[in-house]
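Biologist: I have not looked at this one before. Can you put it up and take me through it?

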Amino acid sequence: MTIFPERVFSGIQPTGNLHLGNYLGAIVKFVALQKTHECLFCVVDLHAITVPQDPGELRQAIRRIAAAYIASGLDPVKNIIFNQSQVAEHAELAWIFNCVARMGWLNRMTQFKEKAGKDRENASIGLFAYPALMAADILLYRATHVPVGEDQKQHIELARDIAQKFNTDFAGSIAANGHDGPFFPLPEPLIQGPAARVMSLRDGLKKMSKSDPSDFSRINLSDDAEAIAQKVRKAKTDPEPLPSDVEGLAGRPEAENLVGIYAALSDSPRESVLQDFGGAQFSAFKNGLVDLAVAKLSPIGGEMRRLEDDPAYIDSILRDGSLRARELAGPVMDQVKDVLGLIR
Ligand code: TYM
C-alpha cells in the first residue's frame, strides 16, 4: 500500500493587490509549514488568465507575488518558489483532469458562479475548468497538504474527488504499471485559524477581496504605515464595547473580524485578545491593532518594494524554482501517461 510522504503545495493568483486575507489566510501558514515540511509555493499565473489581464501588468503581478513570498520570510532555497506557466506539466495534467472531472461537479463550484455572474455564456472555458487546473497543481507533486483560506475549501474537495476518480477509474492499469496502491493521495486542506476568512473592513459580512472596488475594504501588503493606520481607524464597528469572551462575538461580524485579525497577527488565541481588550471601546482596541498591524506588515511592504526593484533577481528565483519543480513533475507526468496508455 502506497504511503505518500507529506508534501505541501499552495498558490496565489497574480491578480490585483495582495491583502491581509491572503497574508493571514495563506502566507502566514506557508511560513510556519516551511519549518516542518517539504513545500512548493506557486504563483498561479495560468489561473490569472481565466479572466482578461493586461500583459505588462500581469508580468509585474507575477513578480509581486514572488516578492511577497520572499519578503514574508519564505526561503527560496529550502522551498520551491516558482510560477505555474514555467512548468508545462500543470497545463498537461489539467487537460487530463478535464477528462476525469464531470460537468456536474464543476457546475456546483460557488466561485465560478460568483465570478461568472449573470453572464455565464460569456465566461471563458478556463474560468469554468479552473478547479481542474487547481487539482493538477496539487496532484502533479502528489502534495498531501494544502494551506488555504476558507474560500478554497470547495476546490480542494474537488481535487480530492478527481484524485479518487482517477485512482478508481484506472485502478487496473495503475496496478499493471507497478503501483502498489492508489496513484494520487487525497490532499488535505489546512484551513484552521482565527483568520481563515478575513472579512472586508467596510462590511463584516463580505469577504476581504482583491476585487472590492473600495480600497478601504482591505489592507494591502504594499500599504505604508499611514495607509494601514487610516484603514484600521476607518474600519466599520458597532456601538458596543468589546466582549470579554468569544461567545460575545456572535452576531457582531465586524467585532469578530477585527478580533480575529488581531489574534492572527499576534499569533495568539482570540480568548487571550479578549482577556486584554474585553470591555474596551473600539477606539482603544483600534490603537492596539494599528500598532500591531504596522509592526507586522510595514516591514514586509518595504521589503517587497526593494525586491520588486530587482526583477532580474526575482526572475532568477522563479527560473530556479521551476527547474526544481519540473524535476518532480516530469516523472509523475510520465507515470500518468503510462497509466492512461499514451505513448511517450
Ligand atoms: P487566491 O489567489 O484568490 O487567494 C490566495 C490565498 O489567499 C486566501 N484568501 C483568503 N484567506 C482568508 N481571508 C480572505 N479574505 C481571503 N482571500 C483570499 C485564499 O483562500 C488562498 O489560499 N485558486 C486559488 C489559487 C490556487 C491554489 C492552487 C491554491 C491555484 N492552484 C493549488 C492552493 C493549491 C486562488 O484563487 O487563491
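Modeller: Here is a short tour of the pockets and the cores. This is a predicted model, in which local features need pLDDT of at least 70 and side-chain atom pairs count only at pLDDT 80 or more, while totals for chains, interfaces and linings use all residues. Residues are numbered from 1 along each chain as its sequence is written, and side-chain values use heavy atoms, with hydrogens and water left out.

Biologist: What volume does the largest pocket have?

Modeller: About 1200 Å³. A pocket here is an open set of points on a 1 Å grid over the protein atoms alone, where a 1.4 Å probe fits, with protein on both sides within 12 Å along at least five of seven lines. The volume is the space filled by probe spheres set on the points.

Biologist: Which residues lie nearest its centre?

Modeller: Gln111, Lys115, Asp151, Gln152 and Lys207, out of 47 lining residues. Lining residues have an atom within 4 Å of a point.

Biologist: And which helix gives the largest share of that lining?

Modeller: Helix 7, with five residues. Helices are DSSP runs (H or I, at least four residues) numbered from the N terminus. By class, the lining of the largest pocket has 17 nonpolar, 20 polar and ten charged residues. Asp, Glu, Lys and Arg count as charged, and Gly is among the polar ones.

Biologist: What about the second largest pocket, what is its volume?

Modeller: About 360 Å³. The second largest pocket has 18 lining residues, and Leu24, Val28, Lys29, Ala264 and Asp267 lie nearest its centre. Helix 1 gives the most to this lining, six residues. The classes there are eleven nonpolar, three polar and four charged.

Biologist: Which domains does that lining draw on?

Modeller: At least three residues come from each of domain 1 (7-196 + 310-340) and domain 2 (215-306). The bounds come from an automatic or database domain assignment.

Biologist: Changing topic: which residues touch the most other members of the largest nonpolar core?

Modeller: Leu265 and Phe285, in a core of 65 residues. Helix 13 (residues 282-308) gives the most to this core, eleven residues. A nonpolar core is a set of buried Ala, Val, Leu, Ile, Met, Phe, Trp, Tyr and Cys residues joined through side-chain atoms within 4.5 Å, and buried means under 20% relative accessible area (1.4 Å probe, protein chains only).

How values were computed
Helices (H or I, at least four residues) and strands (E, at least two) are DSSP runs, numbered from the N terminus. Buried means under 20% relative accessible area, exposed over 50%, partly exposed in between (1.4 Å probe, protein chains only).
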